[in-house]
Each structure stands twice: as C-alpha cells, then as structure tokens.
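User: I'm new to this one. Please show it and take me through the inside.

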Amino acid sequence: MTLLEAVDSYLSRCFNENDKTEIQKLKDAGDEDELRRRMLPRISFGTSGLRGAVQPGFARMDDLTVYQASRGLAKYLLSTLGSDIARRRGVVVGHDHRHGSDSFASITERVFLHEGFTVYRFGRLVHTPLVPFSVRELGAAAGVMITASHNPKQDNGYKVYYENGCAIIPPHDHGISSEIDRCAREDPLEPLVAESTASAQLIFDKVYPEYQTRVDKLIGTVQGSLSVVYTPMHGVGLPYAHDLASRLGVQLLPVPEQAQPDPEFSTVKFPNPEEAGALDMALALADKEGISVVVANDPDADRFCFAERGKSGWRLFTGNEIGCLLAKELLPKDKSKAACLSSAVSSRALESMCKKEGIHWEETLTGFKWLGNRALDLKQQGFTVSFAYEEALGYMPGDSTDGPFVYDKDGVLTLGVFLRLASRLYANGKTVSDALTSFYDEYGSFGSQNSYFRVSDPKLLSQVMSTLRSPYKETMQLEESTRLRVTRVRDLTTGYDSATHDKMPQLPVSASSEMITFWLGSEVPGDLDWAVLTIRGSGTEPKLKYYIEARTTSTVEHATAIARQVEAGLCAWLADFRLERANL
C-alpha cells in the first residue's frame, strides 16, 4: 500500500471526526514525512497485543486501530472456540488511566457486544493483573487490558489474554493478527459508533473480593509492625496497595504528589521504577518521616520494586536481587513436585538455588506470556510453580499447594509477599540486605549489570545485531589486559546454539525479534566461574537492552565488578555506532 492509498483508506474509514480532521490537515499541507510516520507501517500485533503512541493513523493507537483490533480478536475467538461458546463465555475488558484508555475500552466493549459476546467490565480503573485473574475466575474466552504499563505518557496499548488467563503466544498472536488485517480492509459498522455499553456486566464487586481472598491465603500473617513509603508512580495502584496493607496491618504512607492517577506522569521523566530518579520523591519522603523502606509499583501495578536505607544510605534493589529474595521466601515445604521459572535474561542465581534445593527449574523466552503459559504446562504435568520472574521487576508468586492464581506478573500480590518478608526480618532484628547476603552465602556470588542503548531506528538496531553475529564475536577485551573467550553463543533470531548437538536452540526462535546470548570464560585461572551477556531489542520500547551477569567463587562485589567490565567490553564492541547508553 502506498502512502496516499493508506491516507485515503484511513480517511474513508475513520469514525472519529477529530482524528479524521487531523489527518486531512496533514494531507492538505503535503506533510508526507509526518503522514508516513502516522500511517506506515501499520501498528503491528506484537508483544501480547498493540502498543504505540496515541495519535491518529494506522501506525498509531487510535479509535480506528483499536476498533479493528477488537473486530479481529472477536472473529478469531468465534472461529477457534466456536461461535456459541465464545459468545457465551464472553470477554473481560479493563483499562487504566492513560490518555485514550477510557475511549479505547469503550470501543472494545461495543465491538464485542455488537458481535454478540457477553462483555464483562469493571466500571473503574483496575490494575492489570485483575484482568487475567478475572478471565480465569469467570471462565471467559479472553481478556483485554488497555494500558501501556510503564511506557512514556504519549503511549497506550491493547494487551490480550487468552482463555487460559495468559498473555497470548503463537499461534494465537499470528491468527489474531491475520484477522485484524482482514477487518482493516472492511468499513467500520455504522451502528457501532452509537451503540451503548449498558448491557455489559459489571464484575468488580464479584471478582475483587475473591482476588483479595486468594492474595490473603498466599501471604498469610505478617509479624511485628512495619511502616513503608509507597508510590504508585502516578498510576492506578494506590487503592489496591492500600487495601492490602490495611489487611496486613502495615502502615502505608503514599507519596502525595504521585498518589493519584495522572496520565501526564507529571513528576517523573519516565513512569518506570527502573529509571534513574523515578523513586527520588519517595526516598525524600522516607527520609523526612524516618522510614527505612520504600516500595513502588509501576503505573498499571503489575511490576514491583523496593529500596532500603542502611548505614551507608539508600540501596535500590535490582530486579534480580528482588527475584532471589522472593524465590527464597516462597520456597515450599514439599519440594518433590515444586518448580520455579525465570526468563532467559534473568539471573542464574534462581537456577543455583533450585539445584541445591532439589526444585525443578526452567528458563523461558523473555516476557510473562512465556512464563505464564509454561507455568500452566507444568501444572498440567503435576508440578506446583511456587515462583516465576524476569529481571524487569516482574514477579509471579505461587501458592505453596496450588501454584499461581494470576498467570502474569502482579505488583500488588508481590508487594504483599515482600511486606511479609520485611516484617519478619525487622521483627527479628535483621534487614532485607542481610537476607540477600545470606542468599549469596548459601547459593553463590552473582553480580549483574543491566541497561540499554536508545535505538529508535529499527534499521540501525538490525545493523548493530548483524555486527555481533557476522561473524559471532569470539573474544572480549577487559580492563588490565584481561581477555575473556566466548565459550557459547545462542542466537534466538537466526536459530543457532553452539552448545547443542544439532546447533539448534531449545528455546523458540523468532526471526522478528533480535536476541543473542554470549557465554564468556576467562583465558587464565581465577575466581570467575562464568559471565553471560544477552543483547536483545525491546518489543515495546525503542531500546536495545543488554543483560550481564557474572558468577565468581569469591564475592558479590567482585562478580559485579566483572559484570561492569563486560559492559565496557560490549560498549567497545559497538563503539563505531556511537549509541546513547542509559544511565540507570
């Protein structure tokens, strides 16, 4: 499709007059550059759904693209589950507070009502995990959550959960995408624009109490008294975090300036707890109030992080460190059929713990769509998944007997598990830092260094990755004349693994997503067991992410120092591209 054809197609189908006027003005002005950005290529149905900037255009999140996505999803469900079954079981629709969220949710509901589906809605802002929970609780055919999670303020998204309560994976994503493409060639249904959502069923008062019950059962009781500063990062998390803390007897002091939903995210540059400075206001409030623990959710409250004040100041725990602590906290008494999962870019410390404890461990591709679906597979095999995580602050706690009840990351549930852990530690005169030291003493010394380069041009990202694989790097020069050798390469884009018999990876391969992992070893005797470097393109942001971990026989500090040297080595590999590196 040419640019002019795309513009004319949009103008003939768009039912939002403001959006249509904006594109018409760009056409009249002859602004082909901006029109091309808005129109081509069409926004793709990728990481669990759609995500992009809220603007008129086929390449953006707007009323028309959400309408077309909803029609495509509806057609897919009707064809795969059967018309009567899909319509009867229905679809759960939730949304957050971002720009366009309410409108996009309303359009989604109206499309499914028009197609004869039962539609379940909450009637209020919800945190993302409540949608997959509700899909399983109600036996729905699918769920849609309108959110862009921790993306910048200009973005929004359309996240899809299948009937199993997990974010979609192949072949469903490809099937839905094909249906969306077919629907995009059709004119919108005229009656839909004015159709009422009054017949949708309100479910919040039914599913939220059950969610609370399941959360309380998993967490149990909390020892002692604990006070924490909390920030929902201008998102939807406060009422859910406050309810939880009140039931546990924990004093939760929210950051006033960040407590209420604000689509502008006015006090932070990026509404992501991982970003430098995101917790500054929370730390300042904790200092003022004499509180030693800060906890945070991202805007849709599916991620969690925390910081602790020690003798030398504040320590912001990494996603891997939090994952280690939570995995240890959730160790089941009966380990015979217990299992844990982590993504391919997360710490190998979980694998080390599981080996020592006699627990089944597996790695998956990055993203909770893979972790959640694999957890369900293991459940069907008789395993109980006590914990799954990925280093980007995403955690899926499981009940010791039943496993997870939300098959996605859940920042509120994770907050509860952490409050239980921290309360017990403080009641016994210990700190969270003490617990992490004990973990490393027991399972090994691991150090990590994760960050990203800002790469907005897909062609540049492809060139960078080609440099790493053509041919694959064989050595890396570190400081002090030390050189590491590459002992293994796994390329999940091209489908290559130097360590397997047939040179094929055991994890799924995707030509559309860039990801290479290098295993590194020292050329001279020392305390380095290994280092691992993974580089991948983000599926939701203009970033080239990298994840580095080292394990030594000495200390965590030395392992971390080696990881930082590997980071410098990576920068040397890519020096010719002059990439902008984030300062996390």
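**Cavities and a helix face**

User: What's the volume of the second largest cavity?

Analyst: About 40 Å³, counted as the space filled by probe spheres set on grid points joined across faces, edges and corners. A cavity is a set of points on a 1 Å grid over the protein atoms alone where a 1.4 Å probe fits but cannot get out, and lining residues have an atom within 4 Å of a point. The model is predicted, so local features need pLDDT of at least 70, side-chain atom pairs need 80 or more, and totals for chains, interfaces and linings use all residues. Numbering starts from 1 along each chain as its sequence is written, and side-chain values use heavy atoms, without hydrogens and water.

User: Which residues line the second largest cavity?

Analyst: Tyr208, Tyr211, Gln212, Val215, Tyr240, Leu244, Arg247 and Val412. Helices H9 (204-219) and H10 (238-248) each give two or more of them, and H9 gives the most, with four. Helices here are DSSP runs of H or I, at least four residues, numbered from the N terminus.

User: And the largest cavity, how much space is in there?

Analyst: About 100 Å³. Its lining includes Asn320, Arg348, Tyr547 and Glu549.

User: Switching to H3, which of its residues are buried?

Analyst: In H3 (residues 32-39), Glu34, Leu35, Arg38 and Met39 are buried, meaning under 20% relative accessible area with a 1.4 Å probe, protein chains only. They fall within an arc of 120° seen down the axis, so they line one face of H3; the arc is taken from the directions from helix axis to C-beta atoms.

User: What do they pack against?

Analyst: Helix H1 (3-13) and helix H2 (17-28), with contact meaning heavy atoms within 4.5 Å.

Definitions and conventions:
Buried means under 20% relative accessible area, exposed over 50%, partly exposed in between (1.4 Å probe, protein chains only). On a 1 Å grid over the protein atoms alone, a cavity is a set of points where a 1.4 Å probe fits but cannot get out, and a pocket is an open set with protein on both sides within 12 Å along at least five of seven lines; lining residues have an atom within 4 Å of a point.
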